[in-house]
Amino acid sequence: MLANTPSRRRKTKHLFRDIMDRGILSYTEYLFLLCILTKPKAGYEIAFKMFDRDGNKRIDRREFLLMEEIFRKRAHDQSAVLGDESVSLLSKYLHVADSGGTLIRLGQELLIQETTLLRYFFGSRGNDTLDYDTFSSFMDNLQTEVLELEFHEYSKGMPTISEVEFAKVLFKYTYLDDDEREDYIEMVRERTQEEKGITFDQFKDFFQFVNHLDDFEIVLRMYSFADQPMSEDEFRRAVLVTTGLRLADHVVHTVFQIFDTDGDGKLMQREFMGVMKNRAHRGFREHLKNPVGWSGFKACVRNELKQSQ
């Protein structure tokens, strides 16, 4: 199965769709890829430089595994301090011995199977190195690929999705129950006088902004401290200042149609941030709280059936 791994020289936005079920992905890699989908790129450039221990602007397979392991631990323990984790795992890393087979052992407790992702980055022998530009391109392509899948799920072959469908995407993975979600969506239906549609590029820009919510929240707090609501123009400016992205006027207007519940043209900040933070994590934090075993399996099936309706 690992023989099906494509060359990383062929940069593509269809990598995982091309591989489909002909590849191997570890749980640690799943968490790592999920972090890539939900966090701004700047943090990964810092992390990449941190694990480039020899300063050659490249990391090898062992350094990459160490970085993956720290992201895995932080995904499960949000209170963990990155520096402390790094010191602990770095000491183990210094004593790593490559087994030469399909398994790599870090210290005495971590056992990682060679996977499609490792072979994609580091070759069949595992002795290639990874530079940040290549890794950055991989992150961009991964985010685009997943967003394309979500967009096409609702566009059904058309170049745009409706404002109502955009609202449905926003509320996917959120904490709202079905009735609350439907109330928001019905409000959008009633307020949409003329359907203009939202293109994929507009859709992508908005969800790249969602990955910068922590920076945007700082601006929101400034408005809250001043007891000032936020208008559409102020929202666009805040997004530009914190992310460098220029959101389409129509997208911003649609967001306000969703979260301006009293119709005064101002954003309901608490509701917006609550929904967007849930959306940004793609339901993963709730997944960690879910029961395991048979009860967890039944809960998972119920949730999947609900999402498919």
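## Helices α11 and α12

Helix α11 (residues 213–225) and helix α12 (residues 232–243) have axes that come within 9 Å and cross at roughly 135°. That makes α11 oblique to α12. Angles under 35 degrees count as roughly parallel, over 145 as roughly antiparallel, 65 to 115 as roughly perpendicular and the rest as oblique. Axes are lines fitted to C-alpha atoms, for helices over the stretch in contact, and angles run from 0 to 180 degrees between N-to-C directions. Helices are DSSP runs (H or I, at least four residues), numbered from the N terminus.

From α11, the contact (heavy atoms within 4.5 Å) takes in Asp215, Phe216, Val219 and Tyr223. From α12 come Glu234, Phe235, Ala238, Val239 and Thr242. By class, this contact has 6 nonpolar, 1 polar and 2 charged residues. Ala, Val, Leu, Ile, Met, Phe, Trp, Tyr, Cys and Pro count as nonpolar, Asp, Glu, Lys and Arg as charged, and the others, Gly among them, as polar.

## Basis of the model

The model is predicted: local features need pLDDT of at least 70, side-chain atom pairs count only at pLDDT 80 or more, and totals for chains, interfaces and linings use all residues. Residues are numbered from 1 along each chain as its sequence is written, and side-chain values use heavy atoms, leaving out hydrogens and water.

## Helices α3 and α7

The axes of helix α3 (residues 41–51) and helix α7 (residues 132–155) come within 11 Å. They cross at roughly 150°. α3 and α7 are therefore roughly antiparallel to each other.

Lys41, Tyr44, Glu45 and Phe48 of α3 meet Tyr132, Phe135, Ser136, Met139 and Asp140 of α7. These residues divide into 5 nonpolar, 1 polar and 3 charged.

Conventions. Helices (H or I, at least four residues) and strands (E, at least two) are DSSP runs, numbered from the N terminus.
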